Amino acid sequence: MTGFLRLQNEWTCDGTPLSGIAHTFGTPTHVYSAALLTERYRAYDAAFSDIRHRVHYAIKANATLAVVRHMRQLGAAGDANSGGELEVALRAGFSPAEVVFTGVGKTHAELERAVALDLAAINAESLGEVDRIAAIAQAQGRQARVALRINPDVDAGSHPHISTGSRITKFGVSLDDAPNMVMAMASKASLKVVGLHVHIGSQITSAEPLAKGAAVVADLARQLMANGIPLEHLDVGGGLGIEYQDSQPVLSPDAYAAALMPIVRSTGLTLLLEPGRWLVGPAGAIVTEVVDLKRRPDGKWFVIVDAGMTDLMRPALYGAFHRIEPVTPRPGEPILADIVGPVCETTDTLGVGRTVAPVEVGDLMVVRDTGAYGAVMASNYNRRPMAAEVLVESGAPRLIRRRQTVDDILQWDL
Ligand code: LLP
């Protein structure tokens with residue numbers, strides 16, 4: 001009974017009824033399954049057992065400390081994308097040598113901190129950034145471990161807002177510029193070039209673009225090593241998609257690994273991976289309460305729930321689909337409904353045109369697959385306090401982030 005299942009007409013997490021969690025912790029609440037996090041991490045890691053590799057959990061997908069700690073306890077390393085995530089990684093117990101740091105537009109302060117920590121790698125995104133890292137390292141009397149992020153000009157085939165690997169995006173440096181840049185980096189005493197990095201996008205459901213991106217950096221790595229640059233690793237980023245809709249075709253970690261391993265193995269380098277969504281997405285759901293119902297003149301219903309775009313931005317931002325169901329479906333004719341939040345924005349929808357079991361005010365609903373890019377993208381728009389977060393461990397729900405209060409939000413106003 002791992003993860004989110006409907007048992008005897010009630011949705012549960014690791015066998016624990018969501019209604020009980022809502023009763024104890026209120027709504028809306030993010031609920032995570034520790035057992036499913038464990039299962040998914042192990043499956044992903046095992047898929048790559050035939051190659052020397054490290055799984056750097058992409059903290060951006062879910063940065064709640066207890067979740068990050070859980071990933072570390074399973075043996076993951078970390079991938080941080082900002083100064084904030086770097087501190088999360090350290091507080092979750094990662095040693096700096098287990099953390100890679102990526103991100104367009106790292107600030108001077110972030111780079112100073114990253115260099116001082118001596119991270120596994122700072123993934124540099126531009127020539128200017130390489131120079132800034134070199135200058136900071138020199139001033140600190142250190143040698144910074146740097147990898148160069150390559151933009152392989154590959155279409156990830158996912159939503160344009162979450163595709164990063166085509167040359168029109170802001171990410172990485174072009175393949176044309178990369179060889180000379182790496183040679184220049186290798187000539188600086190304050191830099192140690194440790195690898196190449198690529199990440200072409202997220203929610204990718206076929207192996208082809210991922211393999212293409214990896215092949216581009218593998219070729220470049222071979223060329224650089226032939227020119228005397230002793231690299232240590234190839235970091236192929238994250239991107240493996242999940243099944244948001246029933247029967248949606250997706251790529252399994254085994255199939256992904258089978259496509260990737262021969263490419264990387266031929267270089268002899270250590271493979272670094274940065275999965276986020278695949279590890280944590282299906283291990284989370286939001287429990288929310290129906291606060292109002294109204295019927296449009298055309299007969300369609302609005303089911304208004306207490307979770308909105310402030311708790312889950314993905315539908316509003318990308319038109320993303322998340323399965324939504326009543327926690328305890330009532331008998332009767334299903335209704336056609338838009339499931340919407342309370343925020344004053346027309347785009348504040350969680351699900352559009354859904355056929356769901358009939359609901360009444362006070363009923364609970366579950367929004368599935370929100371473990372990745374759910375709580376981390378929350379906002380206080382409309383001065384809405386952020387939801388509570390609960391981790392179910394061995395069937396016991398534990399509060400891992402308390403619900404904000406309006407006082408919490410107002411404390412920064414002077
Ligand atoms: N590494 C880098 C450098 C990244 O930029 C990302 C995600 C990852 C790893 C993890 O990718 P994943 O395995 O989770 O696909 N907010 C969007 C997703 C943005 C992803 C940003 N980068 C969404 O909700 O779909």
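At 29% relative accessibility, Lys188 counts as partly exposed, a class that covers relative accessible areas between the limits for buried (under 20%) and exposed (over 50%), with a 1.4 Å probe and protein chains only. The model is a predicted one, in which local features need pLDDT of at least 70 and side-chain atom pairs count only at pLDDT 80 or more, whereas totals for chains, interfaces and linings use all residues. Residues are numbered from 1 along each chain as its sequence is written, and side-chain values use heavy atoms, with hydrogens and water left out.

Lys188 forms a salt bridge with Asp131, and the closest N and O atoms of the pair are 3.5 Å apart; the term denotes a side-chain nitrogen of Lys or Arg within 4 Å of a carboxyl oxygen of Asp or Glu. Because Lys188 lies in the loop between α7 (178-186) and β11 (191-197), while Asp131 belongs to helix α6 (residues 127-140), the pair ties together parts that are 57 residues apart in sequence. Helices (H or I, at least four residues) and strands (E, at least two) are DSSP runs, numbered from the N terminus. Asp131, with a relative accessible area of 36%, is likewise partly exposed.

The structure holds 20 salt bridges. One of them joins the side chains of Glu325 and Arg6, at 3.8 Å from N to O, and this pair links distant parts of the chain, with Glu325 in strand β16 (residues 324-326) and Arg6 in strand β1 (residues 4-7), 319 residues apart. Glu325 is partly exposed at 24% relative accessibility, and Arg6 is partly exposed at 43%. In a further salt bridge, the closest N and O atoms of Asp363 and Arg330 are 2.7 Å apart. Asp363 lies in the loop between β18 (349-356) and β19 (364-368) and Arg330 in the loop between β16 and β17 (335-340), so this pair ties together parts that are 33 residues apart in sequence. Asp363 counts as buried at 14% relative accessibility, whereas Arg330 is partly exposed at 33%.

Ala120 is placed in the loop between α5 (108-117) and β8 (121-124) and is buried, with a relative accessible area of 5%. The C-alpha atoms of Ala120 and Val146 are separated by 8.3 Å, although the two are 26 residues apart along the chain.

Helix α2 (residues 34-47) and helix α3 (residues 65-73) pack at an angle of about 40°, with their axes 10 Å apart. Axes are lines fitted to C-alpha atoms, for helices over the stretch in contact, and angles run from 0 to 180 degrees between N-to-C directions. The two helices, α2 and α3, are therefore oblique to each other, given that angles under 35 degrees count as roughly parallel, over 145 as roughly antiparallel, 65 to 115 as roughly perpendicular and the rest as oblique. In this packing, Ala34, Leu37, Thr38 and Tyr41 of α2 meet Val67, His70 and Met71 of α3.

Methods:
Contact means heavy atoms within 4.5 Å.
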